[in-house]
Amino acid sequence: SFFRLQFSALFVCVFECLRPYRELRSGSREERMPAAREAVASTEDEDERDAAELLKADLAAMDHEIQLAIDQDDLRLDVRYHRHVEHMSPLLGYARTVRTLHANHNPRMTSLPGSIADLSKNLTFLDLSHNRLISLPDTICELVNLTTLNLSHNRLTGLPFGMGLRLKALRVLNLAHNQLTYFSYDLQDLQRNFLFRCRTDDNPLLSPTVEFHPELPLNCTHCAQCGEELAVECGTRGAT
């Protein structure tokens, strides 16, 4: 019993000595959570600051490349591999001497400026592949001297009406790997040219036998194809 008493006293002594360490190590959940939240918030803030800095640097690099082409009256402009840029620089419209434009492999770029039409006098080659474009500005139809247009590997669901009517010089059109379900009838004008080549693979294109009426603007009153007045049925518009 003597040894038991000694062992018990030793155990109590060690237990009491370790109490501060246990409290520091464990702590209450309420005491630990604020510190954890602060650490996470700090990390998120750092990530946001890093992303903003990367975007700023990428935009500056793109502007610099375009400005050089403007200053030197270059015939070729290369603005590829800008990983953080979401919109093409508005300076693009001033590079009016450019004949060949490579603006591909910008994985976050979702749109083009309407000022791209300002390149219409000289631009013959335009590569916009491997971007994230979801639509094209109507002004792309003003690039009347284009012979090659590469739009592959984007997220396009439709094309501006008038491409087939205006882009008469076009010989190569690559639309592969998009989300196109139909083409407007004016593209048939291009297909009549035996020199014209068009790639459309890997698109969810509807069969020609499927009747398909794309959604029309609310202010649309006449069919752009035949000029007939549009009927209104059950609150929706459909071509007559």
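**View 1. D202 lies in the loop between β6 and β7 of this predicted model.** Strand β7 covers residues 231–233. The phi angle of D202 is near 60 degrees. That value is positive, and D202 is a residue other than glycine. Most residues other than glycine have a negative phi.

View 2. D73 sits in the loop between α3 and β1. Helix α3 spans residues 29–71.

**View 3. Six strands form an open sheet.** Their order is β1-β2-β3-β4-β5-β6. The pairing is parallel. Which strands stand at the edges? They are β1, residues 76–78, and β6, residues 197–199. Each has a single partner strand, so one side of each is left without a neighbour in the sheet. Neighbouring strands are turned by 5 degrees against each other on average, with direction ignored.

**View 4. Strand β5 pairs with β6.** Strand β5 is made of residues 172–174. The two strands run in the parallel sense and are joined over three bridges. V172 stands opposite R197 of β6. Strand β6 is an edge strand of the sheet.

**View 5. R76, D78 and R80 are linked in a salt-bridge network.** Which side chains does D78 meet? One is R76, with an N to O distance of 3.8 Å. Another is R80, with an N to O distance of 2.7 Å. D78 has a relative accessibility of 28% and counts as partly exposed. R80 also stands at 28% and is partly exposed. R76 has a relative accessible area of 46%, so R76 is partly exposed as well. The partly exposed class lies between the buried limit of 20% and the exposed limit of 50%. Residues 76–78 make up the edge strand β1.

**View 6. D118 and R96 meet in a salt bridge between two loops.** The N to O distance is 4.0 Å. The pair links distant parts of the chain, 22 residues apart. D118 is in the loop between β2 and β3. R96 is in the loop between β1 and β2. Strand β2 covers residues 100–102, and β3 covers residues 125–127. D118 is partly exposed at 38% relative accessibility. R96 is partly exposed too, with a relative accessible area of 44%. A search of the whole structure finds four salt bridges, and the D118 to R96 contact is one of the salt bridges in this model.

**View 7. F161, L165 and Y185 make a nonpolar surface patch.** The area of the patch is about 250 Å². Where does Y185 lie? Y185 is in the loop between β5 and α5. Helix α5 spans residues 188–191. Y185 counts as partly exposed, at 31% relative accessibility. A patch takes residues with over 30% relative accessible area, so Y185 at 31% passes that cut-off.

Technical notes. Residues numbered from 1 in each chain as written. Predicted model: local features only at pLDDT ≥ 70, side-chain atom pairs only at ≥ 80, totals over all residues. Heavy atoms only, no water. Pairing = 2+ DSSP bridges. Helix = DSSP H or I, 4+ residues; strand = E, 2+ residues; numbered from the N terminus. Axes fitted to C-alpha atoms, helices over the stretch in contact; angles between N-to-C directions. Buried < 20%, exposed > 50% of the residue type's maximum accessible area, 1.4 Å probe, protein only. Patch = residues over 30% accessible without salt bridge, like charges linked within 9 Å, V, L, I, M, F, W, Y side chains within 5 Å. Areas by Shrake-Rupley, 256 points an atom, 1.4 Å probe, with all protein chains shown as cover.
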